[in-house]
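Walk through this structure with me, one region at a time.

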Amino acid sequence: MLLETIQGPAALRKLSLTALTQLAQEIRTVLLQKLSITGGHTGPNLGVVELTIALHTVFETPIDQLIFDVSHQAYVHKMLTGRAQAFIDPAHYADVSGFTDPQESLYDLFAVGHTSTSLALASGVAKARDLQAEHYNVVAVIGDGALSGGLAYEGLNNIVAQGTNTIVIVNDNERSIAENHGGLYGNLQALRVTQGQAPNNFFKALGFDYHYLEAGNDLAALIPALQQIKDTPRPVLLHVHTQKGKGYALAEQQPEKFHHGGPFDLATGAALAPKPALTYSSLTADFMLQKMAQDPKVVALNAGAPMLLFTPAQRRQAGAQFVDVGIAEQQAATMTTGLARNGAKPVWAVLSSFMQRSFDQISHDLALNDLPGTILVYGASVHGKNEQSHLGIFDIPFLSHIPNLIYLAPTTQHEYLAMLDWAIDQTGHPVAIRVPVGPVIAGPIDETDYQAGLKNQITQQGTQVALFGVGNFYQLAVAVAQALFDQAGIRPTVINPKLISDVDATILSQLPAQHQLVVTLEDGILSGGYGQMVASYLGNVPIKVQNYGLAKTFPDRFDAEQLLAAQGLTVPNIVQHILAAL
C-alpha cells in the first residue's frame with residue numbers, strides 16, 4: 001500500500017500525479033474501513049481527500065502553517081503527517097483523536113473542535129509571523145457551513161485589514177451538518193453557478209484576491225490552483241467546490257446522516273448500534289411539535305445541528321416555527337431574546353459545549369433584559385461527548401451564576417416535560433433546562449406547581465446524612481443512600497435539587513437539626529458548581545459538607561466510568577468517605 005510509505009508530506013512532493021491519485025483511492029478505502037468500525041466524521045473527510053493531498057503537496061508544511069476549521073475534516077491530514085498507522089491498523093485506531101491536537105503532532109497547530117475559528121487563528125498566526133519578519137504561508141481551510149458563524153466574518157475582516165499573506169481555502173460542499181442557512185450561502189451558490197464570475201462577490205467586496213475552482217476533487221486541477229496562490233503577499237481566497245462524502249455513494253446521497261455517526265455497515269449504511277426508539281431527544285421533538293400545533297407563537301431554534309431536535313421530516317412539519325440560524329450560537333441566543341421581547345415563545349436547543357460560545361449573549365441580552373426564552377442544554381454530562389473540545393461538564397458554573405436566569409435539572413421524563421411545558425408558557429424569566437443524558441427514566445408523574453415556586457424536592461426523609469443528587473447524578477445519590485442503609489443502617493435524606501441556579505434556603509436551614517453531613521453529587525465540574533453554592537450557604541452552620549463532582553480539567557477520549565472511578569465518583573468511595581466523616 002502506497003499510504004504505508006508516506007511518513008510525512010515531503011514524500012508527496014516526489015510522487016507523480018498518477019501515484020497521488022492512487023493514494024487518494026487508498027485513503028478513501030482506509031477511511032471507510034476504519035470509520036465503519038469506530039464511527040466518526042465520514043462525509044467531511046471523504047470530501048477533502050484530494051484537497052488535503054494537494055495542500056500538503058504544494059505547501060511546505062510544517063514550515064507553511066495549515067489550520068483546519070473545526071478540524072473534524074483533518075483525518076486525511078493526520079494520515080499524511082506520520083499518523084497513517086492509526087487509520088490502517090485496528091490495533092492503533094485509538095491512537096489519535098478526531099480533531100487536530102498539538103500534543104499529537106507539530107503539524108497540528110491548535111486543539112480545536114468548535115466552528116468558525118480558523119480565520120481568527122490564522123490572522124493571529126500571520127500577525128506573529130509578520131512581527132518577527134518571518135516568511136511562510138499561513139493557510140486556513142474552512143467549510144461545512146462554518147462561514148455562518150460570526151467569528152468567521154471577524155476573521156475575514158481582520159485578515160484583509162492586515163493585508164499580508166494569508167490564504168483562505170473555502171471548502172464549499174454546499175452543506176453544513178444539514179443544509180446551509182443564511183444570505184452568504186446564496187452568494188456562494190451564485191459563485192458556483194457562474195464559476196466564480198457572479199457580479200456580486202462577497203469576498204472580493206471585502207478585499208480578497210478571489211479565485212474559484214469547480215473541480216475540487218480533482219488533483220490535476222487542485223495542484224496548479226494552489227501553486228498559483230502560494231506565496232501570494234496579500235490576502236487570497238480560493239473557493240473550492242467539493243462533494244461531501246465523495247467516493248461513498250451512501251454518504252453522497254445522505255450527507256446529513258453521514259456527517260458524523262457511530263459504527264455502520266459499509267454495504268447498507270445502517271448503524272450497527274441503532275438509537276433506542278425513546279430518547280430525551282425524541283420526547284422533546286414529539287412534545288415540541290404538539291406544542292407548536294397548539295400555539296403558533298412557539299418557535300424552536302437551533303444553531304447548525306438541527307438533529308438535536310428534529311429529523312428532516314419533522315423540520316418540514318414544523319415549518320416556519322423552526323429556525324436554523326446556521327452555526328451561530330450567539331445569533332441563536334440573541335434572536336431568542338428578540339423573539340421573547342415581541343411575544344413569541346422561543347425554545348433554543350444547543351449542546352452544552354457549543355453553548356459556551358454564547359456566554360455574553362445569554363448574560364447581556366437574554367438575562368439582563370429578563371426575557372422568557374427557554375434554553376435546552378443537551379449533552380451536559382460526563383456521559384456526553386468525550387473529546388476535550390466537546391465536553392459538556394462546564395455548564396452549571398457557566399449558567400447558574402447569571403442573574404435572572406433559572407437553571408433546572410430534571411431527573412426523569414415526567415419532570416423534564418413538566419419543566420419544559422412550564423418554561424415555554426411562563427413570562428417571568430429566562431429558563432435553561434439541563435436535558436437528562438442517558439436512557440429515559442419515566443419516574444412518577446410530576447405534579448409540581450412550578451408557577452407557585454421553584455424548590456428542591458425531598459424524595460426520602462432520613463437522618464444523619466443528606467444527599468443532593470443533581471440531575472443525571474440523582475440516581476447516584478439513590479445508590480449511595482441504599483449502600484449506606486445496607487452497610488451501616490443509616491437511612492439518609494435524599495434530595496432532588498430541581499433548581500440548580502440557587503439554593504433552597506428553606507431545606508438547607510432545616511438540615512442541621514437532624515443531620516451531621518450534607519453531600520452534594522453533580523455531573524459537572526466541582527469548581528464553581530452547585531455543591532459549592534450549598535457549602536457556601538452552610539458556611540456558618542455546624543454541619544459538615546462533602547462536594548463530589550469532576551475535576552477542573554480537559555479530559556480527552558476517556559471512558560466515562562473509568563474517569564469517574566479515577567476521580568472517586570463511585571458508590572463505594574463516596575460511602576467510605578461519608579462513614580469516615582460521621
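Ala133 sits in the loop between helix H6 (118–131) and strand E2 (138–143). This is a predicted model. Phi of Ala133 is near 55°, a positive value in a residue other than glycine. Most residues other than glycine have a negative phi. Is Ala133 buried or exposed? Its relative accessibility is 60%, so Ala133 counts as exposed.

Val70 belongs to the loop between E1 and helix H4 (75–83). Here the relative accessibility is 11%, so Val70 counts as buried. The cut-off for buried is under 20%, and for exposed over 50%.

Pro62 lies in the loop between helix H3 (49–58) and strand E1 (65–68). The bond from Thr61 to Pro62 is cis, with omega near 10°. Most peptide bonds are trans.

How many cavities of 30 Å³ or more does a search of the whole structure find? The search finds seven. The largest cavity has a volume of about 70 Å³. Its lining comprises 14 residues. Gly143, Gly145, Asn171, Tyr185 and Leu188 lie nearest the centre of this cavity. Two elements give two or more residues to the lining: strand E3 (167–172) and helix H8 (183–193). Which of the elements gives the most? E3 does, with three residues. By class, the lining of the largest cavity has five nonpolar, five polar and four charged residues.

Next come the open spaces. The second largest pocket holds about 340 Å³ of space. It is lined by 20 residues. Nearest the centre of this pocket lie His383, Asn472, Phe473, Gln475 and Leu476. Helix H19 (474–488) and helix H22 (560–566) are the elements that give two or more residues to the pocket lining. H22 gives the most, with three residues. The lining of this pocket divides into ten nonpolar, eight polar and two charged residues.

Finally, look at the sheet. Five strands form an open sheet, in the order E12-E14-E13-E15-E16. The pairing is mixed.

Strands of a sheet pair through backbone hydrogen bonds, either parallel or antiparallel. In which sense do strand E13 (residues 464–470) and strand E14 (residues 493–496) pair? They pair in the parallel sense, over three bridges. Leu467 has Val494 as its bridge partner in E14.

Conventions. Residues numbered from 1 in each chain as written. Predicted model: local features only at pLDDT ≥ 70, side-chain atom pairs only at ≥ 80, totals over all residues. Heavy atoms only, no water. Pairing = 2+ DSSP bridges. Helix = DSSP H or I, 4+ residues; strand = E, 2+ residues; numbered from the N terminus. 1 Å grid on protein atoms, 1.4 Å probe; cavity = no way out; pocket = protein on both sides within 12 Å on 5 of 7 lines; lining within 4 Å. Points joined across faces, edges and corners; volume = space filled by probe spheres on them. Nonpolar A, V, L, I, M, F, W, Y, C, P; charged D, E, K, R; others polar. Buried < 20%, exposed > 50% of the residue type's maximum accessible area, 1.4 Å probe, protein only.
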